[in-house]
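Take a walk through this model, one region after another. Keep the sequence and the 3D view side by side.

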Amino acid sequence: MALMETFYLSHGAPTLAIDETVPARKFFQSWQQSAYKEKPSSILVISAHWETTQPTVNVVDRNDTIYDFYGFPKPLYQIKYTPPGAPELAKRVKELLLASGIEHVDEDKKRGLDHGAWVPLMFMYPEADIPVCQLSVQSDRDGTHHYNMGKALAPLREEGVLILGSGSAVHNLGSRLPDGSPVPSWALEFDNWLKDALIEGRYEDVNHYESKAPHPKMAHPRPDHFYPLHVAMGAAGEDSKAKLVHSSWTDGTLSYASYQFTAPK
């Protein structure tokens with residue numbers, strides 16, 4: 001079954017997994033009922049929390065749960081989310097990226113799922129019965145590199161693969177505020193610019209957000225949480241339609257804005 005949609009999901013902090021007051025939690029919990037009713041054959045996650053020099057896929061039969069965070073409440077480290085791996089999908093991702101002109105794609109035969117993948121997925125697909133593969137980001141490259149990776153992966157949609165970018169639309173941990181604080185103007189301006197650019201189809205502006213967006217370095221001191229968006233955007237194609245499917249904030253400066261991209265029929 002071909003899938004027309006890809007998604008960029010803002011996953012925020014790991015505590016989304018245990019904190020029932022986080023507004024985005026309900027969005028992820030209602031995923032299959034409200035956001036996306038199709039059941040994919042497998043899932044490819046491009047997570048902000050896996051950064052490598054070369055694009056890398058995890059090639060495993062079963063995904064372990066990676067606790068890639070420190071100093072959080074103990075219950076967070078007791079959660080297990082261990083869906084099947086997707087080694088055939090991993091090989092297919094590698095094949096498509098190499099065919100697109102990327103010179104090296106590595107395989108990691110031990111890595112499981114980092115929290116950018118398992119935290120949203122534990123709500124979206126709690127049965128943990130859909131095979132999942134991860135693809136890394138290259139934070140020393142630019143948005144266009146990641147957009148082109150997405151374009152190369154577009155054929156996966158025809159094969160029933162759900163492509164999910166997982167990051168945060170605004171992600172400045174150094175500027176977090178007490179919960180309930182008003183969102184600062186710089187964060188709102190970037191978040192609104194992104195929404196308008198995506199809905200209006202100005203994908204090239206998003207690829208070059210460093211020179212096109214307001215306050216890019218405040219919104220993303222590092223690009224790791226933004227580049228998964230470019231992959232999801234590219235995988236739906238330049239003529240795709242973007243839709244905001246969720247918007248909320250925590251800590252004053254963490255935006256949970258999430259987007260669906262629908263390819264033309």
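Two strands, β2 (42–51) and β9 (249–250), each supply at least two residues of the lining of the largest pocket. Strands here are DSSP runs (E, at least two residues), and helices are DSSP runs too (H or I, at least four), numbered from the N terminus. The largest share of that lining comes from β2, with three residues.

This is a predicted model: local features need pLDDT of at least 70, side-chain atom pairs count only at pLDDT 80 or more, and totals for chains, interfaces and linings use all residues. Residues are numbered from 1 along each chain as its sequence is written, and side-chain values use heavy atoms, with hydrogens and water left out.

How much space lies in the largest pocket? About 460 Å³. Its lining holds 28 residues, and the closest to the centre are G12, A13, P14, F72 and R176. A pocket is found on a 1 Å grid over the protein atoms alone, with a 1.4 Å probe; it is an open set of points with protein on both sides within 12 Å along at least five of seven lines, and lining residues have an atom within 4 Å of a point. Points are joined across faces, edges and corners, and the volume is the space filled by probe spheres set on them. By class, the lining has 13 nonpolar, eight polar and seven charged residues. Ala, Val, Leu, Ile, Met, Phe, Trp, Tyr, Cys and Pro count as nonpolar, Asp, Glu, Lys and Arg as charged, and the others, Gly among them, as polar.

Now follow β2 to its neighbour. Six bridges join β2 to β6, and the two strands run parallel. Strands pair if DSSP finds at least two bridges between them. In this pairing L44 stands opposite I163 of β6. Strand β1 (residues 5–10) also pairs with β6 in the parallel sense, over four bridges. There, L9 stands opposite S166.

Is β6 buried or exposed? Seven of the seven residues of β6 (residues 161–167) are buried, so the strand is largely enclosed by the rest of the structure. Buried means under 20% relative accessible area, exposed over 50%, and partly exposed in between (1.4 Å probe, protein chains only). In a regular strand the side chains alternate between the two faces of the sheet. Both faces of β6 are covered: V161, I163, G165 and G167 are buried on one side, and L162, L164 and S166 on the other.

S166 has a further partner. Its side chain makes a 2.8 Å polar contact with the side chain of H11. A polar contact is a pair of N or O atoms within 3.5 Å; within protein, one must be able to donate a hydrogen and the other to accept it, and residues adjacent in sequence count only if both atoms are side-chain atoms. H11 is in the loop between β1 and α1 (24–29). H11 is buried, at 1% relative accessible area.

Next come the aromatic rings. The whole structure has 15 aromatic pairs. The rings of F7 and W31 have centres 4.8 Å apart and planes at 65°, so this pair is edge-to-face. F7 lies in β1 and W31 in helix α2 (residues 31–35), so the pair ties together parts 24 residues apart in sequence. Rings of Phe, Tyr and Trp (its six-membered ring) pair if their centres lie within 6.5 Å; planes under 30 degrees apart count as stacked, over 60 as edge-to-face and the rest as tilted. F7 and W31 are both buried. F7 also forms an edge-to-face pair with Y36, at 5.2 Å centre to centre and 75° between the planes. Y36 sits in the loop between α2 and β2, 29 residues from F7. Y36 is buried too, like F7. One aromatic cluster takes in F7, F27, F28, W31 and Y36.

Return to β9. An open sheet of three strands has the order β7-β10-β9, with antiparallel pairing. Its edge strands are β7 (170–171) and β9, each pairing on one side only. Two bridges join β9 to strand β10 (residues 254–255), and W249 has S255 as its bridge partner.

The loop between β9 and β10 contains D251. D251 has a positive phi of about 55° although it is not a glycine. Most residues other than glycine have a negative phi. D251 is partly exposed, with a relative accessible area of 21%.
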